[in-house]
Amino acid sequence: MAVTTERRLDAERIRADFRIFGERSHGKPLAYLDSAASSQKPRQVLEAMTRFYETSYANVHRGVYELAARATDGLETAREKVRAFVNAPAAREIIFVRNATEALNLIAYSWGLNRLGPGDVVLVTELEHHSNYVPWQYVAGRTEADFRMLPLDDQGELRLDLLDETVAGAGHVKVVATGYVSNSLGTVNPVERLSEWAHERGAIMVCDAAQAAPHRRIDVQSLGVDFLAVSGHKMLGPSGIGFLWGRAALLQEMEPFLLGGHMIRKVGYEATTWGDLPAKFEAGTSPMAEAVGLGAAIDYLEEVGFEAIERHERELVTYALERLAEIPGVTTFGPPPERRAGIVLFDVEGVHPHDVAQILDTEQGVAIRAGHHCCQPLMQKLGLPATNRASFYVYTLPEEIDRLAAGLRKVREVFG
Amino acid sequence: VSEMEELYREVILDHYKNPRGHGELEEPDAAAEGQNPLCGDEVSIFVAFGGDGETIEDVRFRGRGCAISQASTSMLMEMVKGRTAADVAEMNRDELLEEVGIPLTPIRLKCALLGLGVLKVALHRAKGTPLPEGWDGLDELELT
């Protein structure tokens, strides 16, 4: 008899790898419910970086000595881990950058600025983080292309039925840019369907996966996208490293983004030619130890398993929605738990999010995010200048959601 | 007294729930608005001068935002009524912060000082009173 059991993760055991949870905030154990802004780091990531600095550190690529070879091996091993992580066809399609924002700017500048013009359309969504909105708005403005926004329904899901209408009469759709998972509502977007729609029109499909990579398995080939941007710091990796995946054929055709050392083939007085992928887009000294740290983060996540991560987050979101629904005056936003990552966006009637966050922190040691979450178009849609966001990850415990609920009751009492 | 109670003192909550001088003046002698883009606090202030053209006879505000920003602006309305524009332009921020009387982190300090900044811009526009350094040429106060 075949028995399949979904793997569960043990958050208590995972927490033992994160020394930060020994810290206290206002004398209370830290309840970190702000992982959508940035995740905490396990000791395995920090140790991998320290080990790299202590045993393998030199500048990569050009050194002929053994230490430089070890450093290069560290960087390239990390690149291969990233390749496997997103199921990219080739490691040279992985470009290391500072973060998803830099990756998206790279595409907007190198591809967009050179290929867009009057009569072209760039389509983004109402759900976008500013990182996948502002660069496209700017480049569309510079090239006189039309900038359009696909609206959301009341549950925070994309109105795919309005795709054709949104671009009707606007011209030739050249770029479709969407987040995979919304950083504010947690919505998991139907990227595959958007890719199909984009490709039917000859457009490129750009996917901001910064908020997806920590929570779900990503397969660039089944998603059907042309570019994918990820930040390391939201997925247990260090700050200062992220990556862009792009189809080799597109990357090869594109103009470079940053110019300087390492990205060249031959430099002359009259002209310079560009190096091969990925060097062409990696000018200057790479974030080497950060790449090693990102590789260790990928190992850690694979060990925990994405099925287990998704299940854990779905259970936490379900629990949080139940607990928050019990509190009068608290409104939650977003799609049902099965179609969202570990994020709960909410409003407390009559109380500004900064006051909510302050009271949660001082009373309960609960850290949440208060503000516009870099999603001002979405906040306008909700009719709120700012909202509260609690976000969960592999190390989040249901007890921390209980403390969130207790803190919210206190908020209601203080402002009652 | 807990940290929370220190911050959300009864008087702060009272000013937040029952703001003094809340509203607009139809034909103000001076007006300005401003925001703290970081948290979305917004304040607009409207001033009417008395017969001498210098004394603040009436002052109102409209706004939305956190309790600290709205309560401190409400307190400010009570503090400046009856004072001259020149006097208020020179008003030290500590005078307001003493009245607010709560410990503030740098981020929350901006919330507490939003109303005072907007009022100084309004007076500067109407009376040419001096602004704090670096504020000249502001279209709108933005505390960033």
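In chain A, strand 5 (residues 120-125) and strand 7 (residues 172-179) run parallel and are joined by 4 bridges. Strands here are DSSP runs of E with at least two residues, helices are runs of H or I with at least four, and both are numbered from the N terminus. Two strands count as paired if DSSP finds at least two bridges between them. Across this pair, Val122(A) sits opposite Val175(A) of strand 7.

This is a predicted model, in which local features need pLDDT of at least 70, side-chain atom pairs count only at pLDDT 80 or more, and totals for chains, interfaces and linings use all residues. Residues are numbered from 1 along each chain as its sequence is written, chains are lettered from A and ligands numbered from 1 in the order in which they are written, and side-chain values use heavy atoms, with hydrogens and water left out. The model scores ipTM 0.85 and pTM 0.92.

Zooming out, chain A has an open sheet of 7 strands in the order 4-10-9-8-7-5-6, with mixed pairing. Its edges are strand 4 (94-97) and strand 6 (146-150), each of which pairs on one side only. On average, neighbouring strands are turned by 20° against each other, direction ignored. Helix 3 (residues 66-86) of chain A lies across strand 4, strand 9 (227-231) and strand 10 (242-246), at about 115° to strand 4. Such angles run from 0 to 180 degrees between N-to-C directions, with axes fitted as lines to C-alpha atoms, for helices over the stretch in contact. Helix 7 (residues 191-200) of chain A also packs on the sheet, touching strands 5, 6, 7 and 8 (204-208), and its direction makes about 170° with that of strand 7.

Back in strand 5 of chain A, there is Thr125(A). This residue is buried, with a relative accessible area of 3%; buried means under 20%, exposed over 50% and partly exposed in between (1.4 Å probe, protein chains only). Beyond its neighbours within four places in sequence, Thr125(A) is in contact (heavy atoms within 4.5 Å) with residues including Tyr133(A), Met149(A) and Ala177(A).

Over in chain B, the buried residues of helix 2 (residues 10-17) are Ile12(B), Leu13(B), His15(B) and Tyr16(B). They cover an arc of only 160° around the axis, so they lie on the same side of helix 2 of chain B; the arc is taken over the directions from the helix axis to the C-beta atoms. These buried residues pack against helix 14 (398-415) of chain A, together with helix 1 (3-7), helix 3 (67-80) and helix 5 (93-100) of chain B.
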